[in-house]
Amino acid sequence: MRLAEHTVVSAAYALADRTLTRALIPRIREETLALLGSGAPVPPTLLDEVLASLDPEPRGVLLSAARYHGDVFRRLAALGDPASAVHLYGVRDGDRTAAERAAVWEGAAATAARPANTVPRPNRLSTPGPYARKDLTKASGGSGGEGTLPWSTLVGVDEYRLAELLRSGIPSGAFPADRVLREIGPARRVLCGLPHGHEGVRAALGAQVARLGSDFAPWRALFVLLPRFSGSVTELVDAALAEVPKHQGRPWPKPMAPEFPSRRQQGGRAAWLHLYDAADHGTRCALGAHMDLRAIQQLLLWHSPSPELRAHIVRSRGASVLAGIASDWGTPAEVIEELIPYNDPDVNAALFLHTELTPAQRRHILSGRRWQDGRSVDTPTADRLPLTESLVDGVRESARRTWLLACCDSGDPLLYRILLGSPRAKVHTPALELHMLLRLWERHGPGAVRELLDETDFPGRRQQARHPLSPSTVEAGRTALEADGPAPLRAAYERAAGPAGRADFLCDKGAGTERDDLEKAVDLFAEEIGPGPLPWAELEAMHGAKPLHDRILVRLAALDGCPAALAEASALAALRLSHPHYRPRRAGKPPTASEMLAKYPLQLDKGGCRWLEKAHHLGQITLPEVVRSGFPAQVAVAFLSRALVPADTSGTTADADTRTGTEEIREARREVAALAAEHLSDDPEGWALALRLIPEFEGTLPDLLLASGAVVS
């Protein structure tokens with residue numbers, strides 16, 4: 001069986017006189033012992049009876065909890081009971097204050113000696129000092145100079161060790177560059193491992209390249225031989241010159257497209273490019289007409305061609321060869337800004353698919369507009385850049401929200417269908433939906449808008465009759481079609497993208513159950529339309545016309561710049577939301593605290609009711625209202641037991657006198673006393689029955705007293 005709350009039992013004893021108190025103790029013994037062992041106030045009459053009783057159990061329970069009650073502690077100390085003095089005095093220094101120990105000594109000086117402090121002083125523990133750093137420096141050993149590496153160390157080593165030896169041995173003079181080219185193989189590993197910034201290496205390679213000339217045939221033979229050739233670089237050039245007739249008039253062998261992302265491999269193509277770098281400008285320009293796109297990509301990315309050579313390649317091969325530069329997510333922003341002005345579809349596709357563009361750059365590329373004078377400019381539909389098939393496929397298969405949102409500014413019906421059919425991204429703001437229709441109208445006319453609004457089957461989206469655009473956007477689009485002009489659509493967009501539309505969106509999306517819903521709504525609007533200040537004036541006007549949702553009010557109050565009217569309303573909204581049984585609604589006027597008190601059951605929390613405490617503190621309910629309407633009765637009584645504490649049971653007399661002096665408290669006390677007198681009078685059986693019923697009773701306090709009185713009568 002559940003026992004009544006300690007605060008409820010305390011309130012009952014506070015209302016009882018001495019005779020009724022004496023009669024109640026044996027009838028509700030378990031509840032009384034629980035009260036004495038808790039931190040709830042012990043009314044004076046109950047304390048007198050326990051101290052005067054010969055029953056050791058209540059007194060022992062009271063003694064064990066004496067430290068919770070200032071008045072109980074003083075009464076027990078004044079008794080001077082030797083059996084209680086040690087417990088009251090405390091063992092450790094922090095158990096009691098000096099005043100409390102003085103009170104115990106005054107009461108027990110005649111019968112008890114002062115106990116010694118048995119707790120030893122804490123020893124000051126010495127902490128280990130910091131570890132001494134060991135001297136790891138090595139002493140210099142002698143005055144001998146560097147020795148010359150033996151030539152044999154270059155023979156039979158792997159490519160990594162060979163590169164290490166060449167890059168240290170050639171600059172130091174241990175290995176002459178021209179001898180390395182004559183004697184060390186395989187040529188591919190040597191070419192990839194050489195220190196190409198060294199003057200001797202450049203001269204030695206230049207001599208070999210000069211033998212090849214500017215005709216493509218020996219260079220083609222060189223490229224074909226490189227992967228499997230085991231001899232030296234000199235021998236490789238000899239072999240290539242010998243096979244020139246086989247390669248006359250033939251194109252690049254097995255041409256390859258650019259690689260995304262590009263890998264810096266040390267293979268035959270890289271070795272060929274090292275020889276290419278050693279040729280003169282005229283030879284490199286002549287060979288550039290024959291190179292495949294993979295070779296051009298690696299040349300531009302890893303071999304730092306001169307501006308003149310790069311410009312020649314772009315003129316001769318077209319700007320699309322620069323697409324290979326946009327090869328990975330690490331592409332620098334300055335390279336991206338250098339490539340966009342070329343206005344080339346292939347370059348734009350590579351930039352979009354393989355580099356970290358800004359949202360504005362992504363919107364620019366998908367719109368097909370041209371870049372001029374450092375910005376995206378309005379471009380007639382006929383002059384817009386086409387989107388490559390690879391770019392469209394990349395957008396269709398993407399799960400990146402930033403990629404798909406960039407479709408909204410394109411005015412492209414195909415991209416719109418990809419976005420609206422994608423299960424991975426959704427347009428949240430009405431403003432962006434309206435912007436999509438405007439762009440479509442501007443680029444393709446009203447017929448394209450009508451087709452989009454009439455269509456409900458979008459690839460990737462489950463078949464359903466409802467259009468993926470919001471009903472308000474569809475309605476605005478049809479209104480514009482009926483008006484035979486985009487003016488209504490533009491007006492709707494301007495409102496939706498302005499402060500009023502921002503306020504509408506925040507109120508619609510920011511009232512969810514998640515704590516960060518408003519923050520998410522702010523971020524969504526900023527992502528889709530652009531950042532901006534919170535529309536405080538519009539929010540305040542909306543609240544004046546119709547109360548904002550309680551969650552919106554509470555979340556707005558936590559933000560800088562919240563108007564006083566909204567901050568004041570948020571306090572009441574927070575009160576409503578703190579009730580465990582209240583569920584806010586988007587429509588209608590929120591209930592008052594008095595209406596909630598009569599409608600929703602209260603919840604007990606640590607011997608009280610936090611919601612009642614907040615509501616009373618804010619002046620939204622009165623104590624007599626709690627007496628009459630609060631339910632269940634146990635929670636109402638638990639709250640009232642604290643709110644109506646009599647002056648002589650409080651540890652702080654001045655505070656109790658202040659509360660007792662209020663008319664509200666006096667009125668509530670009179671009402672409770674009148675109810676008790678009317679239904680229970682001085683019958684201890686009725687009081688005991690009420691305390692036994694109250695843990696499970698779901699009605700109000702008047703209902704409880706009425707039922708208890710009716711049973712015992």
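Colleague: Is Cys-507 buried or exposed?

Modeller: Cys-507 counts as buried because its relative accessibility is 13%. Buried means under 20% relative accessible area, exposed over 50%, and partly exposed in between, with a 1.4 Å probe and protein chains only. A word on the source: this is a predicted model, where local features need pLDDT of at least 70, side-chain atom pairs count only at pLDDT 80 or more, and totals for chains, interfaces and linings use all residues. Residues are numbered from 1 along each chain as its sequence is written, and side-chain values use heavy atoms, with hydrogens and water left out.

Colleague: Thanks! How many disulfides does the structure hold?

Modeller: In general, a disulfide is a covalent bond between the sulfur atoms of two cysteines. Here the term is applied to a pair of cysteine sulfur atoms within 2.5 Å. The structure holds 0 disulfides. For Cys-408, the nearest cysteine sulfur belongs to Cys-407, 6.8 Å away. For Cys-507, it is that of Cys-562, 12 Å away. Cys-408 is buried too, with a relative accessible area of 1%.

Colleague: Now the rings, please. What kind of aromatic pair do Phe-223 and Trp-252 form?

Modeller: Rings of Phe, Tyr and Trp (its six-membered ring) pair if their centres lie within 6.5 Å; planes under 30 degrees apart count as stacked, over 60 as edge-to-face and the rest as tilted. The structure holds 11 aromatic pairs. One of them joins Phe-223 and Trp-252, and this pair is tilted, at 4.5 Å centre to centre and 45° between the planes. Phe-223 is in helix α13 (residues 216-225), while Trp-252 is in the loop between α15 (244-247) and α16 (268-277), 29 residues apart. Helices are DSSP runs (H or I, at least four residues), numbered from the N terminus.

Colleague: Why is the pair of Phe-223 and Trp-272 edge-to-face?

Modeller: The ring centres of Phe-223 and Trp-272 are 6.4 Å apart and the planes stand at 85°, so the pair is edge-to-face. This pair also links distant parts of the chain, with Trp-272 in helix α16, 49 residues from Phe-223. Both Phe-223 and Trp-272 are buried. One aromatic cluster takes in Phe-216, Trp-219, Phe-223, Trp-252, Trp-272 and Tyr-276.

Colleague: Which residue lies over the face of Trp-151?

Modeller: A charge sits over a ring if NZ of Lys or CZ of Arg is within 6 Å of the ring centre and within 35 degrees of the ring normal. Arg-179 lies over the face of Trp-151, at 3.7 Å from the ring centre. Likewise, Arg-400 lies over Trp-403, at 4.6 Å from the ring centre.

Notes: Helix = DSSP H or I, 4+ residues; strand = E, 2+ residues; numbered from the N terminus.
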